[in-house]
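Here are some notes for a colleague who is opening this entry for the first time. Please keep the sequence and the model side by side while reading the points below.

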Amino acid sequence: MTGSLLLMAGLLVAQAPAAAAAGIVTDLGVAGRGGDVVAGGSKVFVAADDRIMVASIDGKVINTIPGLSGAVALASPETGRKVYAALRDSHEVIEIDTTTLAITRRIDLTAYPCPSTLAQSYDRLWIGYGCGEAGEGGVVGLVLSATTPTLVRVGPGTTQPPLVAIARNTLVAGEPGVSPAAVRVYDISTTPATPRGEIRGDANGLPPLRDLALTEDGSAALSALADARQFDAWDTTTLTQARPYNSSGSSEHGLPTAVAASPDGAYVVGGWNSSPGDTAELVVYDATTAEVIYATDHQGKALVAGSIAFYGTLIWGVLKEPDTGRMHLWRLPPSPFHSSALTLTAPSEATAFKQLTFSGRLTLSTGSLPGVQTLELYRWLPDGTSSFQEVTTAADGTYQFTDTPPSIGAFKYQVYWPGNSWFRGRGASVTVTVARYHPVLTVTGPATGVVGERLEFSGTFGADGVVFPQTTITVSRKVVSPDGTVTSKALVKMAAAADGSFGFADTPTTAGEHTYTIRLVGNSVVEPANTSHGVTVLQPTA
């Protein structure tokens, strides 16, 4: 961020209300493979074969990342600063900056071809790969912070790319579409990973897998099984069923297609498709009690397997038209959750290079304290450039940050809280008009001098820690001699240092009252200023 942006500054308890609405459905204008979705950095990303579609939080398509080769899977870390995409056809994983949408890194997976599934937690990325040859697929992991990541294979060979999910030190993997199926559980706190065992259901094994997820703490694996009429949570320690998540009571249910757990562990979201594949339903369950607290459906389209993502209180899915494969982004409304409010207060006056202090507060409609929360702060400069930073609130929801504008004009600041599983997110913005820096010009030097002896002066118009653009200083001298004669002369024109300091010298040739006038010319960011300094110059003593 240009200038200094110093940030200072919260677990929620509430009751979840019930609601039902269709949400927002946006035609992405593409068809084909893919359909995986992640959200981060106030954007939503959908893998769409030869491109990645980018939408805003309100569901509108805002950009496209083109020229890809088999973009079929996505993953995003908790911070939302990066998105990773598996390119099945070019055998690589790419890293995408969520702000600029630039591809910032490519990881070669030629040795593990056809990467098709991804899971990420913090600095570790796990990839399910395989081109359909028996025993040549599997799971490989890597550490993203490494300049040249070491690829570490986990588990046995497979035919299809395994579905993968990760939470804390637990990794689960299961090959989709095979029967009987099994979910392998690993402890990844060690290298190589330590197998904990397999989840097989009963003696006949599991029906074919359509989707696989983990709860936030890694204690339970969530499965969407092709021949089941429920989603299942499996204890990752005992490898037994913990609880089922049944249908919402709708007679239109076909088969479970997608399942995911909310980041805070409060909810499980299951996606169903009707048997003909022309109706999709999303159901939100209480993670602990399995109670259905919200359900909505969409007619005429099918939910893509595995395509459920969270962003704050928002839940996303991807739909496809049964006949054409055309993709649509489905966003559930935030109406099942309580509201919040966010304020942002700006200084009444602002000048370039002077620190400004902003403050505000996050409050919840229930009256409970938010606890420590992370806000997203965006700043737009007058030249159109922008920057992003995170702000942390205090436990009571109050927050504060400072900024030092590097130029003049209208600066826009926006803070946003994405919400969580109980409360809707909220944003607030202010525009601050920044005026030119008003310098205080000071000069120090001798009060008396002698003809023929050098006088040295120093000055400044800056303040500690401020870096100024190039500025010009001029110095002129007026001499009033003992007989009343007045002479004037321009002495020097110079550039001040970046910290606002400068210096000059003069060797007087006549006695009298010497007045040095120092002028700061100023520029588009710094106002002009002037000051003077007087020296009494005497003849040298005999």
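Which residue forms a salt bridge with aspartate 506, and how far apart are the closest N and O atoms?

1. The partner of aspartate 506 is arginine 477, and the closest N and O atoms of this salt bridge are 2.9 Å apart; a salt bridge here is a side-chain nitrogen of Lys or Arg within 4 Å of a carboxyl oxygen of Asp or Glu. Aspartate 506 belongs to strand β42 (residues 501–506) and arginine 477 to strand β40 (residues 472–480), so the pair ties together parts that are 29 residues apart in sequence. Strands (E, at least two residues) are DSSP runs, numbered from the N terminus. Both aspartate 506 and arginine 477 are buried, where buried means under 20% relative accessible area, exposed means over 50%, and partly exposed lies in between (1.4 Å probe, protein chains only).

2. Some words on the basis of these notes: the model is predicted, so that local features need pLDDT of at least 70 and side-chain atom pairs count only at pLDDT 80 or more, while totals for chains, interfaces and linings use all residues. Residues are numbered from 1 along each chain as its sequence is written, and side-chain values use heavy atoms, with hydrogens and water left out.

3. Arginine 33 forms a salt bridge with aspartate 49, with the closest N and O atoms 2.8 Å apart. This pair links distant parts of the chain, since arginine 33 is in the loop between β2 (24–31) and β3 (37–40) and aspartate 49 is in the loop between β4 (43–47) and β5 (52–56), 16 residues apart. Arginine 33 counts as partly exposed at 34% relative accessibility, whereas aspartate 49 is buried, with a relative accessible area of 19%.

4. The side chain of arginine 33 also meets that of aspartate 89 in a salt bridge, at 2.6 Å from N to O. Here too distant parts of the chain are linked, with aspartate 89 in the loop between β8 (82–87) and β9 (92–97), 56 residues apart from arginine 33. Aspartate 89 is partly exposed, with a relative accessible area of 38%.

5. Turning to the aromatic residues, the count comes to 16 aromatic pairs; rings of Phe, Tyr and Trp (its six-membered ring) pair if their centres lie within 6.5 Å, and planes under 30 degrees apart count as stacked, over 60 as edge-to-face and the rest as tilted. The rings of tyrosine 245 and tyrosine 285 have centres 5.4 Å apart and planes at 55 degrees, so this pair is tilted. Tyrosine 245 lies in strand β22 (residues 241–245) and tyrosine 285 in strand β25 (residues 279–286), so the pair ties together parts 40 residues apart in sequence. Tyrosine 245 and tyrosine 285 are both buried, and ring pairs link Phe231, Tyr245, Trp272 and Tyr285 into a cluster.

6. A further ring pair is that of phenylalanine 504 and tyrosine 516, whose centres are 6.2 Å apart and whose planes are at 45 degrees, so that it is tilted. The pair links phenylalanine 504 in strand β42 with tyrosine 516 in strand β43 (residues 512–520), 12 residues apart. Phenylalanine 504 is buried, at a relative accessible area of 9%, and tyrosine 516 is buried at 0%.

7. How many disulfides does a search of the whole structure find? The search finds 1 disulfide, defined as a pair of cysteine sulfur atoms within 2.5 Å. Cysteine 114 and cysteine 131 form this link, with their sulfur atoms 1.9 Å apart, and with 100 degrees about the S-S bond it is right-handed. Cysteine 114 is in the loop between β10 (103–108) and β11, and cysteine 131 in the loop between β12 (124–129) and β13 (137–143), 17 residues apart. Cysteine 114 counts as buried at 7% relative accessibility, whereas cysteine 131, at 40%, counts as partly exposed.

Note on methods:
Helices (H or I, at least four residues) and strands (E, at least two) are DSSP runs, numbered from the N terminus.
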